[in-house]
Amino acid sequence: MSNTDLEIVVDDPTAPEANSPAVTSNRVVDVVVSLLLLVLALALGFDNWRAGAAWDSTGPQPGYFPFYLCVILGGASLYGLVAAFLSRREAAETFVTRAQLRRVMAVFVPTLLFCLATQYLGLYVASFLLISSFMRLVGKIALWKSLLTAFVFTAAMFVTFDVAFDVIMPKGPLEAALGR
Amino acid sequence: MEAFGLLMHGFAVLLTWKTLALMMVGLVLGIFVGVLPGLGGPNGVAILLPLTFTMDPTSAIVMLSCIYWGALFGGAITSILFNIPGEAWSVATTFDGYPMAQQGKAAEALTAAFTSSFIGSLVAVLLITFLAPMISSFALKFGPPEFFAVYLLTFCSFVGLGREAKHKTVISMSLGLLLAGVGMDTVSGQLRMTFGSNELLRGINFLVAVIGLFGISEILLTMEERLALRGHAAGISLRVVLKVWKDLPKYWVTLLRSSFIGCWLGITPGGAIAASFMGYNLAKRFSKDPDSFGKGRIEGVFAPETAAHASGTSALLPMLALGIPGSGTAAILLGGLMVWGLNPGPLLFVEHKDFVWGLIASMYLGNVVGLVLVLTTVPVFASILRVPFAAVAPMIVVSCAIGAYAIQNAMFDIWLMLGFGIVGYVFKKIGIPLAPFTLALVLGNRAEDAFRLSMIGSGGDMKVFWANGLVGSITTLAIVLLFWPVIDKAVGSVGRLWRPAKASG
């Protein structure tokens, strides 16, 4: 069977270094998340209490079920807050290292810009821009390959959704100029 | 034998060229997402779901379930050839699969993995075929209190039996239930938790949340890892396949045991991950030669793969019969059913016979076609890994955005998806499980309706949940499971008190 073997080697030149310093520990994030959840539970709980969390003649009021869920959520996040504060183990765990955060941001920021671009330029233009620039700038792939891949993928999506399946996507000035 | 006749009818529904072509497309897409780093079963199904919106429900569910089978098969390829488990339930497969590949027995390991996946799924599908109609006809007698008790049982067993910190499971679940309630209240028509926002009026769509939680967050997580890999892509010859199959009867105990474990853990929300490890550990414990495990023993591939697939498949049983998904992926399929206007639950077997039996028949057919497909095309799929992640990642982002937008034609949903992406990333890193959240979000409205209807029926008396033997025992079981860790500990310490006394006496 070894005659059909083909070796596959993929390198990752921009991989995050292993010895990169930690940005923050799991404990800090856990505390922050617990606090946010507690605030959310209080806000939603207040809204449900306002909507009516008691009983009337027809049965439970609209806020009844979610109000008690807010109580449960609030209680659990309060417990989580205390547990995270006291946890030595979590304090020692790295949430994310600086090198990792840089890589995550390298995906997150373009995704955020893509969502913004979708709002104003339409989805297809935005996806062409995202794929080509991401491949070129983050992946360091040759410009012609990036542009070609982005164009082929975007065109395939357009044909699949807009033409074949009639699923309408957000569109912008370019599509308007082309009369679609 | 009524089930058999209906199943045959299901095959008749399926055996059209169009459906078979869709199955192939689904399987190929599924293997594709299973092989790609950072994608897998739930993510793949969530991202590809919008493709099916314009199809009729039967074609759509056939394609989706084939994506699911494909992803399950695909996960095994990367674990064996590259020691990269595509999914958490493939981790146990790497223990013996990767050593086998290093010894030049990659083809045997892959054949073993695919074959045992096939066997595991088949056992689970047989179980579904005969058990699901029985359970659903039983469940037709359920009223709101019984349904609420079953929902409660599902939620409680997640908290009690889950391996994560209890308060984190509770957080995840209550958050999911709360977000399910955002928007218009279905009973009174009053607005809840919208804070005056028009966008929140529609509520938070389950699929938008899932695409963000599983798709976007998975890409962020993948980028943290070192994405380099090295390995051999082996072709599988017919000779090797036949050799492994000839040895198969020798391992019937392992296969049977793993199938059983998988089915059990799949129906209860224990999940495929626990099943694969349990299958592996039990095979090791009962082996005459436990030390040879981890060094490339074929049984070490059979055991976890059979269990994982039996569990992944049988998770669909409670979804079909009761409308309660047994896994994250089943929850997403359930969300799909609702998009097509089908109401999951026992009535499905009565009102949409064609659909249900078409789906069950597609499980049989999808597994057979999938087995043949993966055995013949492994080298092609293994070379997908050569495609740089920098090209794959933005395409996944675009697919996610298309998916999120297509559900309700709302730009707001794309932003919501991005938000859920961040939430999913942070939650996964600090150990808040996402499966209970998904489950709660999809079941939230129905659980609340069941609760309110039973409260209205009983005039606000909680005793309605113990009104008869059936509902009483489900509710009691739910509460026992909720406090299971405490009970388990108590029983354990009582046991410890007993044993020394016996030893000294």
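A crossing of two helices is called left-handed if the near helix is turned anticlockwise from the far one by less than a right angle, and right-handed if clockwise. This is a predicted model, in which local features need pLDDT of at least 70, side-chain atom pairs count only at pLDDT 80 or more, and totals for chains, interfaces and linings use all residues. Residues are numbered from 1 along each chain as its sequence is written, and chains are lettered from A in the order in which they are written.

Chain B contains 22 helices and three strands (DSSP runs numbered from the N terminus, H or I of at least four residues for helices, E of at least two for strands). Of its 505 residues, 62% are buried, meaning that 20 or more other C-beta atoms, placed from the backbone, lie within 10 Å of the residue's own. The C-alpha atoms of chain B fill a box of roughly 75 × 70 × 50 Å along the principal axes.

Within chain B, helix H15 (residues 328-339) packs against helix H20 (residues 435-458) at an angle of about 25°, their axes 9 Å apart. The axes are lines fitted to C-alpha atoms over the stretch in contact, and angles run from 0 to 180 degrees between N-to-C directions. H15(B) is therefore roughly parallel to H20(B), a label for angles under 35 degrees. The crossing of H15(B) and H20(B) is left-handed. Gly328(B), Ala331(B), Leu334(B) and Gly335(B) of H15(B) meet Ala435(B), Thr438(B), Leu439(B) and Val442(B) of H20(B); such contacts need C-beta atoms, placed from the backbone, within 7 Å.

Definitions and conventions: Buried ≥ 20, exposed ≤ 12 C-beta atoms within 10 Å, placed from the backbone. Parallel < 35°, antiparallel > 145°, perpendicular 65-115°, else oblique. Contact = placed C-beta atoms within 7 Å.
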